[in-house]
Amino acid sequence: MKFMKAPMMAALVGVSALGLTVAAPTETQAQASVPVDVWALRDVVRTVQISPDGKHLLVHISPSREGDYLLQIFKTDDLSTPFRTLAADPMEITSAQWVSDNIILGSAWEVKRKSVRRQEGNVRNFATYFYDLDANKFDQIEGNMQVVNRLPDEPNHVLIAQGAAVGDGVGNDPNAAFRPRSYYKLDLTNGAQELVVRGTRKYAEVSFDNKGNPRFATGIDSDNTIKFYYRQPGESSWTQFGDTIDQDKKENLYRMLGGFQGFQGFSAENPDIAYIIDARNGDDKAALWEFNVKTGQFGEKLFAAENADVMGIGTHSVPGNDKLAFAFYPGAKLERHYFDEEEKALYEALEQQIPYAHQVTISSRSYDGSRMVVRNTGPKDPGSFWLVQDGKLAKLGSSNPLLNQERLADVEFIRYPARDGMMIPGYVTKPQGEGPFPLVVMPHGGPAVPEVVGYDEWGQLLADAGYMVLQPGYRQTVGWGAKHFDAAYDEHGGAMQDDKDDGALYLVEQGLVDPDRIAMFGWSYGGYAALVAAAREDNIYQCAIAGAAVSRADVWARDVINSRTPKAIADWFWTRGAVTGSHPYNEVEKVNIPLLMVHGDYDARVLYYHFEDYKKAFEAAGKTGEFVTLKGADHTSNTLMFNHQQQFYTKMLDYLANDCGPGGL
């Protein structure tokens, strides 16, 4: 492979096209070398994919800082200008993927309501569309569908699913993981849907082979246990296998909430062999196993990582070749253990040639293997897209082309001891210059989610302003084994919070951080942690910034727990979290450091009352703080528009510099 030096398409959007003026920093941006307007951009290029026949590229792009996402189609033999530019007015295109040589399937949304009426409600309507390139025609399907299998032997059909997946994670709605999905065969020529499997509570989530045969299922039985099933092609009944998960037992919480264990795919060499991720025989961490569907027995343990769970697999990058290529697990990045030497050599060649290569992924490839789109992301790359064709590698575009990659900060993966001896993984983003630095501890949301830090916009924004950033994998973070997860039980505001403080103190001991210049900033559960930090005794922080924070766990638990919620989850959410855990709303009198609280008034996951109620109690207690509402903002990052991020980033940097403790941080 050789680099083609020149950019190949209009996706390399410049400053003027985005409506930006990169001038001297304003007064509130004086501590940052990159203007806030640059950080505040939504991803300029979100997705690039090559069609299976290799003749076209789709580019999901935001051509202006405040405009909607568009879909641009390029011919691979002429990348100078788009062949088609598509919009979904009045909706906005939110995703797109090739499902055949000439059909694109994706999703779109539109804001239709002015308030969130219930927990996990939404101000948006959603639709699924498919676009025929030859006919230049859109068709729409109401609802939010997901492609579960492209059915390689049926180019005019795909399998789609409607409803929440068991492995999608629970967020603030623990019941969502157990809602059944129904599966349909979608005719791409006319939009007709044929029901394949109607989901039931017992068989809530179904996995299929490439022929469209239902082969594995997971669901909740009448005794409220989680069970796993398989069947052979042509069979109509299911056979149970593996362990039964008792949802009343707290020791099963990791399996229930982790969201990554279970069926992964089939062997390309032997269709009777399935790949399953499971923690078996008392193992703390999940490994990749073979399972024989003829005998109903587990076979060889194919791979286990020493210090982390195996969290998924990758198959060969050529479409239709389902040969097992690698298993991945968390570490300094999502590490890979390769089974296929050809794929290993390909990835190694790409990593050698892509600047600042870190998490390199072949996102799409033609059937003949000659053309592919590659994406890289990492500490010094917000997300770049590359085209391989004719033996050459060329850059297509970037998620943020206005950032100087050389100035982005390095991220180091560490492990540090908590006060009880548990080793905690973490990621440290290092600013330019020599320490000791001011530190921002930035716990992730969830809390029962994985986090592997490569490029993190908030971390890079803060590092650019001179702050070191610690993102701790505190107990209950997914991916580090059951013991790490289970150690968080009954420890909301306790050992879970200690893990964050202990990480900061560890960096102080290493001489990297000034002990008098430490702050905490978090979003969602991370915002809850920031509120807890603000009220801790013997406080190590100079201020706290709480975004979309859960402040009233008691009210929230009543919103999301019902009679069908499994006992172990209900107990974890309600008794151990809302009752015995640290309760920010009831602890405003204990707040002893300055606080900045930020919340979107369209937040459907952590409803706006968390902000309003805490603000009233906080002000009644006579405490020092500031409260900022992001008008029209929801909870997740993809709902934060340019104006939301511009407002938030400007305020956060100004607050840290001027109001975080005596003299600022």
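This is a predicted model: local features need pLDDT of at least 70, side-chain atom pairs count only at pLDDT 80 or more; totals for chains, interfaces and linings use all residues.
Visitor: Okay, let's start with α6. How many residues does α6 have, and how far does α6 reach?
Guide: Helix α6 has 15 residues and reaches 20 Å from its first C-alpha to its last, close to the 21 Å expected at 1.5 Å a residue. That expected span is 1.5 Å times one less than the number of residues. Helices here are DSSP runs of H or I with at least four residues, strands are runs of E with at least two, and both are numbered from the N terminus.

Visitor: Is α6 mostly covered or mostly open?
Guide: Mostly covered, with eleven of its 15 residues buried. Buried means under 20% relative accessible area, exposed means over 50%, and partly exposed is in between, using a 1.4 Å probe and protein chains only. Among the buried ones are D498, D499, D501 and D502, along with G503, A504 and L507.

Visitor: What covers those buried residues of α6?
Guide: The cover includes strands β29 (410-417), β30, β31, β32 (468-472) and β33 (513-523), plus helix α7. Cover is judged by contact, meaning heavy atoms within 4.5 Å.

Visitor: How do α6 and α7 pack?
Guide: Helix α6 (residues 495-509) and helix α7 (residues 525-534) pack at an angle of about 80°, with their axes 11 Å apart. The axes are lines fitted to C-alpha atoms over the stretch in contact, and angles run from 0 to 180 degrees between N-to-C directions. The two helices are therefore roughly perpendicular to each other. On that scale, under 35 degrees is roughly parallel, over 145 roughly antiparallel, 65 to 115 roughly perpendicular and the rest oblique.

Visitor: Which residues meet there?
Guide: From α6 it's M496, Q497 and K500, and from α7 it's Y525, A529, V532 and A533. The residues of that contact divide into five nonpolar, one polar and one charged. For those classes, Ala, Val, Leu, Ile, Met, Phe, Trp, Tyr, Cys and Pro count as nonpolar, Asp, Glu, Lys and Arg as charged, and the others, Gly among them, as polar.

Visitor: And what does the backbone do just after α6?
Guide: G511 takes a positive phi of about 80° there. Helix α10 is followed by G622, whose phi is positive too, near 75°.

Visitor: Switching topic: how many disulfides turn up?
Guide: A search of the whole structure finds one, where a disulfide is a pair of cysteine sulfur atoms within 2.5 Å. It joins C543 to C660, with S to S at 2.1 Å. The link is left-handed, with -95° about the S-S bond. C543 sits in strand β34 (residues 543-547) and C660 in the segment after α11 (642-658), so the pair links distant parts of the chain, 117 residues apart.

Visitor: Are those cysteines buried or exposed?
Guide: Both C543 and C660 are buried.

Visitor: What about L151, which has a positive phi without being a glycine?
Guide: Its phi is about 50°, and L151 lies in the loop between β10 (145-149) and β11 (157-162). At 2% relative accessibility, L151 counts as buried.

Visitor: And N281, buried or exposed?
Guide: N281 is exposed, with a relative accessible area of 67%. Its phi is positive, near 55°, and N281 lies in the loop between β19 (273-278) and β20 (287-292).

Technical notes
Residues are numbered from 1 along each chain as its sequence is written. Side-chain values use heavy atoms; hydrogens and water are left out.
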